Amino acid sequence: MTQKDLDYYLNLNWTLVEGEDIGFDGSKYYYIEIKEIPSFLFCAKTLEKAREKYKEQLKWTLQVMLETGDEIEEP
């Protein structure tokens with residue numbers, strides 16, 4: 001069995017859940033969740049920025065999951 005690495009997981013077609021909400025200060029923000037990784041949530045002031053930047057946090061999340069041996073559910 002071949003070990004799956006970070007690049008493999010980064011290139012999967014993850015199920016993104018996009019939404020918007022209001023912060024404690026009353027300002028609107030946008031978020032991206034990944035259905036297969038329940039602990040993943042990325043927030044930004046605009047949806048465009050959230051779409052542009054979430055992969056950086058996804059990379060960090062996957063690195064930790066791989067290092068700690070967590071099971072990664074694939075889409």
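**Notes on the fold**

1. Let me start in the sheet, where Y30 stands opposite A44 in β3. Please keep in mind throughout that this is a predicted model. Another pair to look at along β3 is I32 with its bridge partner F42. Five bridges in total join β2, residues 28-34, to β3, and these two strands run antiparallel. The link between β2 and β3 is a hairpin through two residues.

2. Now for the other neighbour of β2. Seven bridges connect β1 with β2, again in antiparallel fashion. Here D21 is the residue opposite Y29 in β2. These strands also form a hairpin, this time with five residues between them. If you click through that turn, stop at G26, which has a positive phi of about 90°.

3. Putting the strands together gives an open sheet of three, in the order β1-β2-β3, with antiparallel pairing. The edges are β1 (16-22) and β3 (37-44), each of which pairs on one side only. From one strand to the next, the twist averages 25°. Packed on this sheet is helix α2, residues 47-68, which touches β1, β2 and β3. The direction of α2 makes about 145° with that of β3.

4. The C-alpha trace spans about 50 × 20 × 15 Å along its principal axes. Of the 75 residues, 29% are buried. The accessible surface is about 5600 Å², with 48% of that belonging to carbon and sulfur atoms. Among contacts with a separation of 6 or more, 34% are between residues 24 or more positions apart.

5. Which residues have the most contacts inside the largest nonpolar core? They are W14, I34, I37, F40, Y54, L58 and L62, in a core of 17 residues. At least two core residues come from each of α1 (6-10), β2, β3 and α2. The largest share, five residues, is supplied by α2. As background, nonpolar side chains tend to be buried together in soluble globular proteins.

6. Leaving aside residues up to four places away in sequence, I37 touches W14, L58, T61, L62 and M65. One of these, T61, sits in helix α2. Is T61 buried or exposed? Its relative accessible area is 17%, so T61 counts as buried, the cut-off being under 20%.

7. Finally, a look at the aromatic rings. The count comes to one aromatic pair. The rings of Y8 and Y9 have their centres 5.2 Å apart and their planes at 80°, so this pair is edge-to-face, a term used for planes over 60 degrees apart. The two tyrosines fall into separate burial classes: Y9 is buried at 9% relative accessibility, while Y8 is partly exposed at 31%.

Notes: Residues are numbered from 1 along each chain as its sequence is written. This is a predicted model: local features need pLDDT of at least 70, side-chain atom pairs count only at pLDDT 80 or more; totals for chains, interfaces and linings use all residues. Side-chain values use heavy atoms; hydrogens and water are left out. Two strands pair if DSSP finds at least two bridges between them. Helices (H or I, at least four residues) and strands (E, at least two) are DSSP runs, numbered from the N terminus. Axes are lines fitted to C-alpha atoms, for helices over the stretch in contact, and angles run from 0 to 180 degrees between N-to-C directions. Contact means heavy atoms within 4.5 Å. A nonpolar core is a set of buried Ala, Val, Leu, Ile, Met, Phe, Trp, Tyr and Cys residues joined through side-chain atoms within 4.5 Å. Buried means under 20% relative accessible area, exposed over 50%, partly exposed in between (1.4 Å probe, protein chains only). Accessible areas come from the Shrake-Rupley method with a 1.4 Å probe; for residues, only the protein chains shown count as cover. Rings of Phe, Tyr and Trp (its six-membered ring) pair if their centres lie within 6.5 Å; planes under 30 degrees apart count as stacked, over 60 as edge-to-face and the rest as tilted.
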